Amino acid sequence: MNEAVKVDDVTQVYVTEQRATLAIQQMSFAIHRGEFVSLIGPSGCGKTTVLSIIAGLIAPTVGTVQVAGETVRGPSTRVGYMLQQDYLFPWRTIADNAAIGLEISGTLSKEKKEEVLHLLDEMGLLRFKDYYPAQLSGGMRQRVALVRTLATDPEILLLDEPFSALDYQTKLQLEDLVVETLRAKRKTALLVTHDISEAIAMSDRVIVLEPNPGRIRKQFEVPTAIRDPLPFVAREQPGFNALFRDIWQEFGGDTDAES
Ligand SMILES: Nc1ncnc2c1ncn2[C@@H]1O[C@H](COP(=O)(O)OP(=O)(O)OP(=O)(O)O)[C@@H](O)[C@H]1O
């Protein structure tokens with residue numbers, strides 16, 4: 001079984017007292033094990049909804065989602081979620097924040113605590129383990145959030161605009177760190193972003209969604225020559241700008257614009 005995620009004919013309708021909103025319409029796609037896929041599309045096209053359904057936070061109105069061959073029926077430790085905001089608890093130390101997923105799932109053993117410290121070390125954060133979140137920069141806090149997500153050893157990571165609140169330099173550094181770490185650990189990832197350049201630089205495949213309701217407009221395989229290096233260098237590869245323009249065009253962008 002080579003598919004880590006299978007989204008099968010999913011439709012999502014949100015019903016409130018005022019209106020019913022068709023957020024996603026008949027969406028199907030699969031993500032292979034170890035693949036890094038990005039979802040991009042205009043605001044409100046259902047990107048977060050797709051992630052919430054895969055995470056088991058909401059049940060789709062129609063259709064099914066499978067993670068590692070099993071139908072998703074609710075949240076599970078198979079799926080890790082990383083968001084734009086780090087949501088670290090201000091009263092817990094960095095080490096305790098990083099271990100909270102393990103604590104909640106009742107699996108925080110001595111060995112797991114050691115693994116969390118090892119992960120913090122890999123992210124260059126070990127010497128800050130006894131600090132509190134307010135003492136760290138935004139980029140460092142997002143690295144803690146990444147450790148927290150990886151600590152439960154999920155099979156797939158859902159990344160919902162995890163770099164969009166960071167300054168540009170920190171964002172570029174974190175993109176490299178995330179890709180390097182996920183490749184080394186052979187994780188599967190689905191990234192939601194508004195940034196075409198980020199999507200190409202980090203991914204094996206980019207899925208472009210249509211606005212209102214969300215449907216798949218087009219998928220782009222990122223050529224090996226672009227995706228082999230880490231994201232920062234990927235942006236310098238021949239073919240990067242051409243792919244950027246192709247995707248930009250799908251958004252109805254002006255292809256004479258500078259990329
Ligand atoms: N809980 C909800 N109740 C009602 N409508 C919702 C709810 N969540 C999302 N929607 C609607 O569903 C549609 C898709 O929303 P969603 O947040 O998935 O889009 P998005 O592509 O992630 O947007 P953005 O890029 O702005 O984050 C939007 O029209 C939104 O208003």
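What follows is a short chat about a predicted model of a protein chain with a ligand.

Reader: Where do I start? Which domains is the protein chain divided into?

Author: This is a predicted model, so keep that in mind. The protein chain is divided into domain 1, residues 1–78 + 159–259, and domain 2, residues 85–153.

Reader: What separates the centres of domain 1 and domain 2?

Author: The two centres are 25 Å apart, taken over C-alpha atoms. Nine residues from domain 1 and eight residues from domain 2 make the contact.

Reader: How does the side of domain 1 that touches domain 2 split by class?

Author: That side has five nonpolar residues and four polar ones. It has no charged residues.

Reader: What feature does UniProt place at residues 5–236?

Author: The UniProt record, an unreviewed entry, gives "domain: ABC transporter" there. In the model, that span is 33% helix and 27% strand. Its end C-alpha atoms lie 31 Å apart.

Reader: On to the ligand. Which residues are around it?

Author: Tyr14, Thr16, Thr21 and Ala23 are among them.

Reader: Which residues of α1 are buried?

Author: Lys47, Thr49, Val50, Leu51, Ile53 and Ile54.

Reader: What comes after α1?

Author: Gly56 follows the helix. Its phi is positive, near 80°.

Reader: Which residues other than glycine have a positive phi?

Author: Asp9 has one, with phi near 55°. Asp153 has one too, with phi near 55°. Most residues other than glycine have a negative phi.

Reader: Where is Asp9, and is it buried or exposed?

Author: Asp9 is in strand β1, residues 3–15. It counts as exposed because 12 other C-beta atoms lie within 10 Å, and the cut-off for exposed is 12 or fewer.

Reader: And Asp153? Where is its place?

Author: Asp153 is in the loop between α5 (138–151) and β7 (156–160). With 16 C-beta neighbours inside 10 Å, Asp153 is partly exposed.

Reader: Which residues does a cis peptide bond join?

Author: Asn212 and Pro213, with omega about -5°. Pro213 is in the loop between β9 and β10. Most peptide bonds are trans.

Reader: Now the helix α10. Which of its residues are buried?

Author: Helix α10 covers residues 240–250, and its buried residues include Phe240, Leu243 and Ile247.

Reader: Why are they on the same side of α10?

Author: Because they cover an arc of only 70° around the axis. The face turned away from that buried side carries Ala242 and Gln249, which are exposed.

Reader: What covers the buried residues of α10?

Author: The cover includes the helices α7 (196–202), α8 (224–227) and α9 (231–234). It also includes the strands β9 (205–209) and β10 (216–221).

Reader: Back to β2. What about His32?

Author: His32 is found in strand β2. It is partly exposed, with 13 other C-beta atoms within 10 Å.

Reader: What does His32 touch?

Author: Asn2, Glu3 and Ala4, not counting residues up to four places away in sequence.

Reader: How far is His32 from Arg245?

Author: They are 213 residues apart in sequence. In space they are 26 Å apart, C-alpha to C-alpha.

Reader: Last one. Where is Ser76?

Author: Ser76 is in the loop between β5 (70–71) and β6 (79–82). Ser76 is partly exposed, with 16 other C-beta atoms within 10 Å. Its C-alpha atom is separated by 26 Å from that of Ser164, 88 residues apart along the chain.

Methods. Residues numbered from 1 in each chain as written. Predicted model: local features only at pLDDT ≥ 70, side-chain atom pairs only at ≥ 80, totals over all residues. Near = placed C-beta within 6 Å. Buried ≥ 20, exposed ≤ 12 C-beta atoms within 10 Å, placed from the backbone. Helix = DSSP H or I, 4+ residues; strand = E, 2+ residues; numbered from the N terminus. Arc of directions from axis to C-beta. Contact = placed C-beta atoms within 7 Å. UniProt positions renumbered as here; feature names shortened; annotations may be inferred. Domains from an automatic or database assignment. Nonpolar A, V, L, I, M, F, W, Y, C, P; charged D, E, K, R; others polar.
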